[in-house]
Amino acid sequence: MSEDDLVFNSPPGWDIDTLGWTPPYGWRPPAGWTPHSDFPAAPSGWDFWIAPSNANAKSQTPVAELITRRPVDETSTAPSPSEPRQKDGNARAQARIAELELEVQRLNEALAATGSPVDLDDERVLQEVGIYRYHHPLEHAADYKERLAAIGTAIKDMAKAGDAILASDLFTYNNSLAKGRKMTAEFSKLMLRAYNAEADNCVRSLRAGNVVTARRRLEASVAAVAKLGAMMEMHVNPAYHRFRLDELELTADYLMKVQVEKEEAREERERLREERKAEQELAAERERLDKERTHYVNALQALRESGDEEALAELEERLGAINQAIEHNDFRAANIRAGYVYVISNVGAFGPNIVKIGLTRRLEPMDRVRELSGASVPFPFDVHALFFAEDAVSVESELHHAFSETRVNQVNLRREFFFATPSEVRRVLLEKQAGNLLEFVENPDATQFHQSKKYWGPYEAGPGVH
(Lines give C-alpha, C1' and ligand atoms only; values in the text may rest on other atoms or scores of the structure.)
Protein backbone atom coordinates (compact mmCIF):
# COMPACT_ATOMS: atom_id res chain seq x y z
CA MET A 1 0.00 0.00 0.00
CA SER A 2 1.40 3.40 -0.98
CA GLU A 3 1.66 6.35 1.35
CA ASP A 4 -1.15 8.10 -0.56
CA ASP A 5 -3.52 5.31 0.43
CA LEU A 6 -2.97 5.91 4.16
CA VAL A 7 -5.03 8.29 6.31
CA PHE A 8 -3.93 10.50 9.15
CA ASN A 9 -4.59 8.98 12.62
CA SER A 10 -4.73 11.75 15.24
CA PRO A 11 -3.48 10.78 18.70
CA PRO A 12 -5.79 11.31 21.70
CA GLY A 13 -6.15 15.03 22.39
CA TRP A 14 -5.18 16.12 18.89
CA ASP A 15 -8.11 15.34 16.68
CA ILE A 16 -10.98 17.45 18.13
CA ASP A 17 -10.77 21.04 19.30
CA THR A 18 -12.79 23.10 21.73
CA LEU A 19 -13.59 25.64 19.01
CA GLY A 20 -15.91 23.25 17.18
CA TRP A 21 -13.59 21.97 14.45
CA THR A 22 -13.12 18.21 13.96
CA PRO A 23 -10.81 16.73 11.32
CA PRO A 24 -13.07 14.81 8.90
CA TYR A 25 -12.32 11.23 7.96
CA GLY A 26 -9.52 11.05 5.43
CA TRP A 27 -8.24 14.55 6.34
CA ARG A 28 -4.61 15.10 5.40
CA PRO A 29 -2.67 17.88 7.15
CA PRO A 30 -1.71 20.69 4.76
CA ALA A 31 1.91 21.43 4.01
CA GLY A 32 3.68 23.03 6.92
CA TRP A 33 1.08 21.90 9.50
CA THR A 34 2.37 21.01 12.98
CA PRO A 35 0.49 20.22 16.17
CA HIS A 36 -0.36 23.05 18.55
CA SER A 37 2.13 23.54 21.33
CA ASP A 38 -0.56 22.72 23.92
CA PHE A 39 -1.17 19.29 22.40
CA PRO A 40 -0.12 16.39 24.61
CA ALA A 41 2.62 14.11 23.46
CA ALA A 42 1.47 11.20 21.31
CA PRO A 43 1.48 7.80 23.05
CA SER A 44 4.62 5.81 22.61
CA GLY A 45 4.53 3.89 19.33
CA TRP A 46 1.46 5.72 17.98
CA ASP A 47 0.73 5.07 14.26
CA PHE A 48 0.16 8.46 12.62
CA TRP A 49 -0.70 6.88 9.27
CA ILE A 50 -2.96 3.83 9.04
CA ALA A 51 -5.07 1.99 6.47
CA PRO A 52 -8.60 3.30 5.93
CA SER A 53 -10.15 0.04 7.22
CA ASN A 54 -8.40 0.47 10.56
CA ALA A 55 -9.52 4.08 10.69
CA ASN A 56 -13.11 2.99 10.12
CA ALA A 57 -12.87 0.46 12.90
CA LYS A 58 -11.48 3.07 15.26
CA SER A 59 -14.12 5.64 14.27
CA GLN A 60 -16.82 3.20 15.40
CA THR A 61 -15.26 2.56 18.77
CA PRO A 62 -17.11 4.23 21.67
CA VAL A 63 -13.75 4.89 23.32
CA ALA A 64 -13.23 7.69 20.80
CA GLU A 65 -15.97 9.64 22.58
CA LEU A 66 -13.73 9.88 25.63
CA ILE A 67 -10.86 11.63 23.82
CA THR A 68 -10.11 15.16 25.07
CA ARG A 69 -10.84 17.77 22.43
CA ARG A 70 -8.00 20.28 21.93
CA PRO A 71 -7.34 23.20 19.49
CA VAL A 72 -5.30 22.84 16.31
CA ASP A 73 -2.59 25.21 15.11
CA GLU A 74 -2.90 25.56 11.32
CA THR A 75 0.64 26.94 11.04
CA SER A 76 2.46 23.68 11.82
CA THR A 77 3.53 20.73 9.70
CA ALA A 78 2.11 17.23 9.90
CA PRO A 79 4.19 14.18 10.68
CA SER A 80 5.50 12.58 7.56
CA PRO A 81 4.13 9.17 6.54
CA SER A 82 7.67 8.01 6.19
CA GLU A 83 8.42 8.49 9.90
CA PRO A 84 9.20 5.23 11.71
CA ARG A 85 6.11 3.44 12.97
CA GLN A 86 6.24 1.69 16.29
CA LYS A 87 3.32 -0.70 15.94
CA ASP A 88 3.64 -2.41 19.28
CA GLY A 89 3.33 0.74 21.43
CA ASN A 90 -0.46 0.77 21.63
CA ALA A 91 -0.95 -2.99 21.62
CA ARG A 92 -2.49 -3.03 25.09
CA ALA A 93 -5.12 -0.41 24.22
CA GLN A 94 -5.98 -2.10 20.93
CA ALA A 95 -6.31 -5.46 22.67
CA ARG A 96 -8.70 -3.94 25.20
CA ILE A 97 -10.78 -2.39 22.40
CA ALA A 98 -10.96 -5.75 20.63
CA GLU A 99 -12.01 -7.41 23.90
CA LEU A 100 -14.82 -4.91 24.42
CA GLU A 101 -16.00 -5.28 20.84
CA LEU A 102 -16.19 -9.05 21.26
CA GLU A 103 -18.19 -8.60 24.48
CA VAL A 104 -20.63 -6.26 22.72
CA GLN A 105 -21.00 -8.78 19.90
CA ARG A 106 -21.65 -11.60 22.40
CA LEU A 107 -24.31 -9.58 24.22
CA ASN A 108 -25.99 -8.60 20.95
CA GLU A 109 -26.13 -12.25 19.89
CA ALA A 110 -27.59 -13.27 23.25
CA LEU A 111 -30.19 -10.51 23.02
CA ALA A 112 -31.12 -11.53 19.48
CA ALA A 113 -31.56 -15.15 20.61
CA THR A 114 -33.89 -14.33 23.49
CA GLY A 115 -35.74 -11.33 22.07
CA SER A 116 -36.30 -8.17 24.08
CA PRO A 117 -35.05 -8.23 27.69
CA VAL A 118 -37.58 -9.29 30.32
CA ASP A 119 -38.10 -6.88 33.19
CA LEU A 120 -38.01 -8.95 36.39
CA ASP A 121 -38.46 -6.03 38.75
CA ASP A 122 -41.96 -6.74 40.10
CA GLU A 123 -42.21 -3.36 41.79
CA ARG A 124 -41.58 -1.53 38.51
CA VAL A 125 -43.88 -3.84 36.54
CA LEU A 126 -46.72 -3.41 39.04
CA GLN A 127 -46.39 0.36 38.82
CA GLU A 128 -46.42 0.09 35.03
CA VAL A 129 -49.64 -1.97 34.81
CA GLY A 130 -51.42 -0.10 37.62
CA ILE A 131 -54.63 -1.56 39.02
CA TYR A 132 -55.01 -5.28 38.33
CA ARG A 133 -57.56 -6.17 35.64
CA TYR A 134 -58.96 -9.69 35.45
CA HIS A 135 -58.27 -11.50 32.18
CA HIS A 136 -61.08 -14.04 32.71
CA PRO A 137 -63.60 -12.45 35.12
CA LEU A 138 -65.32 -15.17 37.18
CA GLU A 139 -67.45 -14.84 40.27
CA HIS A 140 -65.62 -17.02 42.78
CA ALA A 141 -62.13 -18.47 43.27
CA ALA A 142 -63.61 -21.98 42.97
CA ASP A 143 -64.70 -21.17 39.41
CA TYR A 144 -61.07 -20.46 38.49
CA LYS A 145 -60.01 -23.82 39.91
CA GLU A 146 -62.50 -25.61 37.65
CA ARG A 147 -61.38 -23.66 34.58
CA LEU A 148 -57.71 -24.35 35.39
CA ALA A 149 -58.41 -28.08 35.63
CA ALA A 150 -60.02 -28.05 32.17
CA ILE A 151 -57.08 -26.17 30.64
CA GLY A 152 -54.62 -28.55 32.31
CA THR A 153 -56.37 -31.47 30.65
CA ALA A 154 -56.22 -29.77 27.23
CA ILE A 155 -52.48 -29.08 27.68
CA LYS A 156 -51.77 -32.72 28.53
CA ASP A 157 -53.82 -33.97 25.57
CA MET A 158 -51.94 -31.79 23.07
CA ALA A 159 -48.57 -32.83 24.49
CA LYS A 160 -49.47 -36.56 24.36
CA ALA A 161 -50.71 -36.22 20.78
CA GLY A 162 -47.44 -34.59 19.72
CA ASP A 163 -49.16 -31.40 18.63
CA ALA A 164 -47.43 -29.04 21.08
CA ILE A 165 -44.36 -28.50 18.86
CA LEU A 166 -44.70 -28.06 15.09
CA ALA A 167 -41.79 -28.85 12.75
CA SER A 168 -41.07 -29.75 9.14
CA ASP A 169 -41.25 -33.46 8.22
CA LEU A 170 -38.94 -32.95 5.25
CA PHE A 171 -35.73 -32.39 7.18
CA THR A 172 -33.00 -34.86 6.18
CA TYR A 173 -29.97 -36.08 8.08
CA ASN A 174 -27.07 -37.71 6.22
CA ASN A 175 -29.31 -37.66 3.14
CA SER A 176 -31.86 -39.78 5.03
CA LEU A 177 -35.43 -38.54 5.47
CA ALA A 178 -36.14 -41.20 8.12
CA LYS A 179 -33.14 -40.14 10.19
CA GLY A 180 -34.14 -36.51 9.74
CA ARG A 181 -37.65 -37.19 11.00
CA LYS A 182 -36.29 -39.12 13.97
CA MET A 183 -33.96 -36.26 14.84
CA THR A 184 -36.81 -33.78 14.44
CA ALA A 185 -39.02 -35.81 16.78
CA GLU A 186 -36.31 -36.09 19.43
CA PHE A 187 -35.40 -32.42 19.15
CA SER A 188 -39.10 -31.52 19.41
CA LYS A 189 -39.37 -33.42 22.69
CA LEU A 190 -36.31 -31.59 24.00
CA MET A 191 -37.75 -28.22 23.00
CA LEU A 192 -41.11 -29.07 24.55
CA ARG A 193 -39.44 -30.04 27.83
CA ALA A 194 -37.55 -26.73 27.87
CA TYR A 195 -40.66 -24.70 27.02
CA ASN A 196 -42.82 -26.53 29.59
CA ALA A 197 -40.14 -26.10 32.24
CA GLU A 198 -40.22 -22.34 31.67
CA ALA A 199 -44.03 -22.30 31.64
CA ASP A 200 -44.25 -24.33 34.87
CA ASN A 201 -41.68 -22.10 36.50
CA CYS A 202 -43.69 -19.03 35.49
CA VAL A 203 -46.81 -20.52 37.07
CA ARG A 204 -45.01 -21.51 40.27
CA SER A 205 -43.40 -18.10 40.69
CA LEU A 206 -46.63 -16.18 40.10
CA ARG A 207 -47.76 -13.77 42.75
CA ALA A 208 -50.92 -11.72 42.73
CA GLY A 209 -50.38 -8.95 40.16
CA ASN A 210 -47.08 -9.92 38.44
CA VAL A 211 -48.57 -11.82 35.49
CA VAL A 212 -47.03 -9.30 33.06
CA THR A 213 -43.50 -10.45 33.90
CA ALA A 214 -44.45 -14.12 33.61
CA ARG A 215 -46.11 -13.60 30.23
CA ARG A 216 -43.05 -11.81 28.86
CA ARG A 217 -40.81 -14.65 30.02
CA LEU A 218 -43.01 -17.21 28.28
CA GLU A 219 -43.09 -15.16 25.07
CA ALA A 220 -39.29 -15.00 25.17
CA SER A 221 -39.19 -18.79 25.53
CA VAL A 222 -41.38 -19.20 22.42
CA ALA A 223 -39.04 -16.91 20.46
CA ALA A 224 -36.00 -18.88 21.64
CA VAL A 225 -37.52 -22.19 20.52
CA ALA A 226 -38.34 -20.73 17.10
CA LYS A 227 -34.80 -19.38 16.69
CA LEU A 228 -33.04 -22.56 17.78
CA GLY A 229 -35.31 -24.73 15.64
CA ALA A 230 -35.29 -22.52 12.56
CA MET A 231 -33.38 -25.10 10.50
CA MET A 232 -36.16 -27.65 11.05
CA GLU A 233 -38.92 -24.99 10.86
CA MET A 234 -39.65 -25.90 14.47
CA HIS A 235 -41.80 -23.72 16.72
CA VAL A 236 -44.33 -23.95 19.54
CA ASN A 237 -47.88 -24.58 18.34
CA PRO A 238 -49.73 -21.24 18.76
CA ALA A 239 -52.77 -23.12 20.11
CA TYR A 240 -50.61 -24.85 22.73
CA HIS A 241 -48.96 -21.57 23.64
CA ARG A 242 -52.41 -19.98 23.99
CA PHE A 243 -53.41 -22.70 26.45
CA ARG A 244 -50.32 -22.06 28.53
CA LEU A 245 -50.94 -18.30 28.46
CA ASP A 246 -54.53 -18.91 29.57
CA GLU A 247 -53.16 -21.05 32.37
CA LEU A 248 -50.90 -18.20 33.45
CA GLU A 249 -53.68 -15.63 33.33
CA LEU A 250 -56.19 -17.84 35.11
CA THR A 251 -53.66 -18.64 37.83
CA ALA A 252 -52.95 -14.94 38.31
CA ASP A 253 -56.70 -14.22 38.40
CA TYR A 254 -57.19 -17.04 40.89
CA LEU A 255 -54.46 -15.73 43.20
CA MET A 256 -55.92 -12.22 43.05
CA LYS A 257 -59.46 -13.51 43.63
CA VAL A 258 -58.33 -15.53 46.65
CA GLN A 259 -56.63 -12.45 48.05
CA VAL A 260 -59.76 -10.33 47.47
CA GLU A 261 -62.03 -12.93 49.03
CA LYS A 262 -59.78 -13.20 52.09
CA GLU A 263 -59.86 -9.42 52.44
CA GLU A 264 -63.64 -9.34 52.07
CA ALA A 265 -64.05 -12.13 54.63
CA ARG A 266 -61.77 -10.34 57.08
CA GLU A 267 -63.67 -7.08 56.68
CA GLU A 268 -67.01 -8.87 57.00
CA ARG A 269 -65.85 -10.45 60.25
CA GLU A 270 -64.75 -7.02 61.42
CA ARG A 271 -68.13 -5.54 60.50
CA LEU A 272 -70.00 -8.30 62.35
CA ARG A 273 -67.81 -7.86 65.42
CA GLU A 274 -68.51 -4.13 65.35
CA GLU A 275 -72.26 -4.74 65.05
CA ARG A 276 -72.27 -7.30 67.87
CA LYS A 277 -70.41 -4.91 70.14
CA ALA A 278 -72.86 -2.14 69.26
CA GLU A 279 -75.84 -4.44 69.94
CA GLN A 280 -74.35 -5.56 73.26
CA GLU A 281 -73.71 -1.97 74.31
CA LEU A 282 -77.23 -0.89 73.35
CA ALA A 283 -78.74 -3.86 75.17
CA ALA A 284 -76.69 -3.14 78.27
CA GLU A 285 -77.66 0.53 78.09
CA ARG A 286 -81.35 -0.36 77.76
CA GLU A 287 -81.07 -2.62 80.81
CA ARG A 288 -79.42 0.17 82.81
CA LEU A 289 -82.05 2.71 81.72
CA ASP A 290 -84.87 0.30 82.59
CA LYS A 291 -83.49 -0.17 86.10
CA GLU A 292 -83.08 3.57 86.53
CA ARG A 293 -86.60 4.18 85.22
CA THR A 294 -88.02 1.62 87.63
CA HIS A 295 -86.22 3.38 90.47
CA TYR A 296 -87.72 6.76 89.53
CA VAL A 297 -91.23 5.32 89.03
CA ASN A 298 -91.13 3.83 92.53
CA ALA A 299 -89.81 7.10 93.98
CA LEU A 300 -92.55 9.07 92.22
CA GLN A 301 -95.21 6.79 93.68
CA ALA A 302 -93.87 7.41 97.18
CA LEU A 303 -93.71 11.18 96.62
CA ARG A 304 -97.29 11.30 95.37
CA GLU A 305 -98.38 9.62 98.58
CA SER A 306 -96.35 12.11 100.65
CA GLY A 307 -97.59 15.15 98.74
CA ASP A 308 -94.11 16.70 98.15
CA GLU A 309 -94.91 18.59 94.95
CA GLU A 310 -91.47 20.18 94.50
CA ALA A 311 -89.61 16.87 94.69
CA LEU A 312 -92.29 15.26 92.55
CA ALA A 313 -91.75 17.79 89.74
CA GLU A 314 -87.98 17.25 89.81
CA LEU A 315 -88.31 13.45 89.62
CA GLU A 316 -90.86 13.69 86.81
CA GLU A 317 -88.35 15.81 84.84
CA ARG A 318 -85.64 13.22 85.38
CA LEU A 319 -88.02 10.42 84.41
CA GLY A 320 -88.82 12.28 81.21
CA ALA A 321 -85.11 12.45 80.34
CA ILE A 322 -84.79 8.72 81.00
CA ASN A 323 -87.74 7.98 78.76
CA GLN A 324 -86.15 10.05 75.99
CA ALA A 325 -82.86 8.15 76.43
CA ILE A 326 -84.74 4.84 76.21
CA GLU A 327 -86.50 6.01 73.06
CA HIS A 328 -83.18 7.04 71.47
CA ASN A 329 -81.55 3.77 72.52
CA ASP A 330 -84.41 1.76 71.01
CA PHE A 331 -84.12 3.78 67.80
CA ARG A 332 -80.40 3.02 67.61
CA ALA A 333 -81.04 -0.69 68.21
CA ALA A 334 -83.79 -0.85 65.57
CA ASN A 335 -82.02 1.30 62.94
CA ILE A 336 -78.80 -0.42 61.94
CA ARG A 337 -77.85 2.53 59.71
CA ALA A 338 -77.72 5.02 62.56
CA GLY A 339 -74.32 5.82 64.03
CA TYR A 340 -71.34 8.15 64.11
CA VAL A 341 -69.19 9.18 61.16
CA TYR A 342 -65.66 9.96 62.33
CA VAL A 343 -62.68 11.74 60.76
CA ILE A 344 -59.36 10.75 62.37
CA SER A 345 -55.67 11.01 61.52
CA ASN A 346 -52.35 9.58 62.65
CA VAL A 347 -49.55 11.92 61.60
CA GLY A 348 -46.91 9.76 63.27
CA ALA A 349 -47.91 6.66 61.30
CA PHE A 350 -49.08 8.05 57.95
CA GLY A 351 -47.78 11.61 57.78
CA PRO A 352 -49.69 14.91 57.47
CA ASN A 353 -52.81 15.51 55.36
CA ILE A 354 -53.99 11.88 55.44
CA VAL A 355 -57.31 11.16 57.18
CA LYS A 356 -59.44 8.11 57.76
CA ILE A 357 -63.20 8.53 57.22
CA GLY A 358 -65.26 5.75 58.80
CA LEU A 359 -68.37 5.04 60.83
CA THR A 360 -69.26 3.21 64.01
CA ARG A 361 -72.57 2.20 65.58
CA ARG A 362 -71.01 1.94 69.02
CA LEU A 363 -72.74 3.68 71.89
CA GLU A 364 -69.47 5.44 72.69
CA PRO A 365 -67.68 6.22 69.35
CA MET A 366 -64.34 6.80 71.07
CA ASP A 367 -64.24 3.09 71.93
CA ARG A 368 -63.86 2.38 68.20
CA VAL A 369 -61.13 5.00 67.85
CA ARG A 370 -59.23 3.45 70.74
CA GLU A 371 -59.47 0.02 69.09
CA LEU A 372 -58.01 1.41 65.87
CA SER A 373 -55.18 2.92 67.93
CA GLY A 374 -54.04 -0.54 69.03
CA ALA A 375 -50.72 -2.29 68.51
CA SER A 376 -50.92 -2.08 64.69
CA VAL A 377 -49.89 1.61 64.69
CA PRO A 378 -47.08 3.28 66.66
CA PHE A 379 -49.22 6.20 67.88
CA PRO A 380 -52.91 6.66 68.76
CA PHE A 381 -55.30 8.27 66.30
CA ASP A 382 -56.46 11.86 66.78
CA VAL A 383 -60.14 12.70 66.29
CA HIS A 384 -60.94 15.68 64.06
CA ALA A 385 -64.69 15.30 63.66
CA LEU A 386 -67.62 13.25 65.01
CA PHE A 387 -70.96 13.43 63.19
CA PHE A 388 -74.10 11.60 64.33
CA ALA A 389 -76.58 10.67 61.61
CA GLU A 390 -79.69 8.54 61.44
CA ASP A 391 -78.31 7.24 58.16
CA ALA A 392 -74.58 7.22 58.88
CA VAL A 393 -73.99 4.67 56.12
CA SER A 394 -75.14 7.15 53.47
CA VAL A 395 -73.15 10.01 55.01
CA GLU A 396 -69.99 7.92 54.99
CA SER A 397 -70.63 6.81 51.40
CA GLU A 398 -71.10 10.42 50.26
CA LEU A 399 -67.82 11.48 51.85
CA HIS A 400 -65.96 8.54 50.31
CA HIS A 401 -67.36 9.44 46.90
CA ALA A 402 -66.43 13.11 47.30
CA PHE A 403 -62.79 12.19 48.01
CA SER A 404 -62.59 9.14 45.73
CA GLU A 405 -59.83 10.65 43.58
CA THR A 406 -57.65 11.21 46.64
CA ARG A 407 -57.82 7.65 48.01
CA VAL A 408 -54.48 6.43 49.32
CA ASN A 409 -55.24 2.83 48.28
CA GLN A 410 -56.71 2.94 44.77
CA VAL A 411 -56.86 -0.86 44.51
CA ASN A 412 -58.76 -1.87 47.64
CA LEU A 413 -61.62 0.63 47.90
CA ARG A 414 -62.59 -0.65 51.32
CA ARG A 415 -59.53 1.06 52.79
CA GLU A 416 -60.80 4.36 54.13
CA PHE A 417 -57.69 6.58 54.03
CA PHE A 418 -57.63 9.73 51.90
CA PHE A 419 -55.21 12.51 51.02
CA ALA A 420 -57.21 15.37 52.56
CA THR A 421 -57.19 17.87 55.41
CA PRO A 422 -59.80 17.83 58.20
CA SER A 423 -61.13 21.21 57.08
CA GLU A 424 -61.76 19.86 53.56
CA VAL A 425 -63.75 16.95 54.97
CA ARG A 426 -65.67 19.29 57.29
CA ARG A 427 -66.60 21.58 54.38
CA VAL A 428 -67.94 18.69 52.30
CA LEU A 429 -69.73 17.25 55.33
CA LEU A 430 -71.55 20.50 56.06
CA GLU A 431 -72.42 20.96 52.38
CA LYS A 432 -74.13 17.57 52.26
CA GLN A 433 -75.49 17.28 55.81
CA ALA A 434 -76.93 19.87 58.20
CA GLY A 435 -76.15 19.88 61.92
CA ASN A 436 -75.16 17.00 64.20
CA LEU A 437 -71.44 17.83 64.01
CA LEU A 438 -70.65 16.96 67.61
CA GLU A 439 -67.05 18.18 67.57
CA PHE A 440 -64.36 19.41 65.19
CA VAL A 441 -60.60 19.90 65.65
CA GLU A 442 -58.43 21.13 62.77
CA ASN A 443 -54.94 20.41 64.09
CA PRO A 444 -54.21 17.06 65.74
CA ASP A 445 -52.63 16.93 69.19
CA ALA A 446 -50.38 13.96 68.22
CA THR A 447 -48.92 14.22 71.73
CA GLN A 448 -47.02 10.94 71.75
CA PHE A 449 -45.66 11.57 68.25
CA HIS A 450 -44.24 15.00 69.09
CA GLN A 451 -42.83 13.81 72.41
CA SER A 452 -41.18 10.80 70.74
CA LYS A 453 -39.45 12.83 67.99
CA LYS A 454 -37.13 14.29 70.61
CA TYR A 455 -35.54 10.86 71.11
CA TRP A 456 -35.34 9.67 67.52
CA GLY A 457 -31.97 11.28 66.80
CA PRO A 458 -30.39 9.97 63.57
CA TYR A 459 -33.28 7.53 62.98
CA GLU A 460 -35.61 10.38 62.04
CA ALA A 461 -33.96 10.48 58.61
CA GLY A 462 -35.16 6.95 57.89
CA PRO A 463 -34.21 3.31 58.45
CA GLY A 464 -30.52 2.53 58.19
CA VAL A 465 -29.50 6.19 58.37
CA HIS A 466 -27.13 6.83 61.28
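What follows is a conversation about a predicted model, in which each term is set against its cut-off.

Colleague: Why is Ser345 called buried?

Modeller: Ser345, which lies in strand 5 (residues 339–345), has a relative accessibility of 7%, and because buried means under 20%, Ser345 counts as buried.

Colleague: What makes the pairing of the Ser345 and His384 side chains a polar contact?

Modeller: The two side chains are joined at 2.6 Å, and a polar contact needs a pair of N or O atoms within 3.5 Å, one able to donate a hydrogen and the other to accept it, so the pair of Ser345 and His384 is listed as a polar contact. Leaving aside neighbours within four places in sequence, Ser345 is also in contact with residues including Ile354, Val355, Phe381 and Pro444.

Colleague: Why is Arg217 called partly exposed?

Modeller: Arg217, whose place is in helix 6, has a relative accessibility of 21%, and since buried means under 20% and exposed over 50%, with partly exposed in between, Arg217 counts as partly exposed. The side chain of Arg217 makes a polar contact of 3.1 Å with that of Glu198, and the C-alpha atoms of Arg217 and Cys202, which are 15 residues apart along the chain, are separated by 7.6 Å.

Colleague: How do you know how helix 5 and helix 6 are oriented to each other?

Modeller: Two packed helices are described by the angle and the distance between their axes. Here the axes of helix 5 and helix 6 come within 9 Å and cross at roughly 170°, and because angles over 145 degrees count as roughly antiparallel, that is the description given to helix 5 and helix 6. Among the residues making the contact are Tyr195 and Glu198 of helix 5, together with Arg217, Leu218 and Val222 of helix 6, and by class the contact has 10 nonpolar, two polar and two charged residues.

Colleague: Which residues touch the most other members of the largest nonpolar core?

Modeller: That core has 28 residues, and those touching the most other members are Tyr195, Leu206, Leu218, Val236, Tyr240 and Leu248. Two or more residues come from each of helix 4 (141–160), helix 5 (177–204), helix 6 (211–228) and helix 7 (238–306), and helix 6 gives the most, with six residues. Leaving aside neighbours within four places in sequence, Val236 is in contact with Ala164, Ile165, Tyr195, Val222, Val225 and His241.

Colleague: Which residues does the second, separate core include?

Modeller: The second core has 16 residues, including Leu399, Phe403, Ala420 and Val425.

Technical notes: Residues numbered from 1 in each chain as written. Predicted model: local features only at pLDDT ≥ 70, side-chain atom pairs only at ≥ 80, totals over all residues. Heavy atoms only, no water. Core = buried A, V, L, I, M, F, W, Y, C linked by side-chain atoms within 4.5 Å. Buried < 20%, exposed > 50% of the residue type's maximum accessible area, 1.4 Å probe, protein only. Helix = DSSP H or I, 4+ residues; strand = E, 2+ residues; numbered from the N terminus. Contact = heavy atoms within 4.5 Å. Axes fitted to C-alpha atoms, helices over the stretch in contact; angles between N-to-C directions. Parallel < 35°, antiparallel > 145°, perpendicular 65-115°, else oblique. Nonpolar A, V, L, I, M, F, W, Y, C, P; charged D, E, K, R; others polar.
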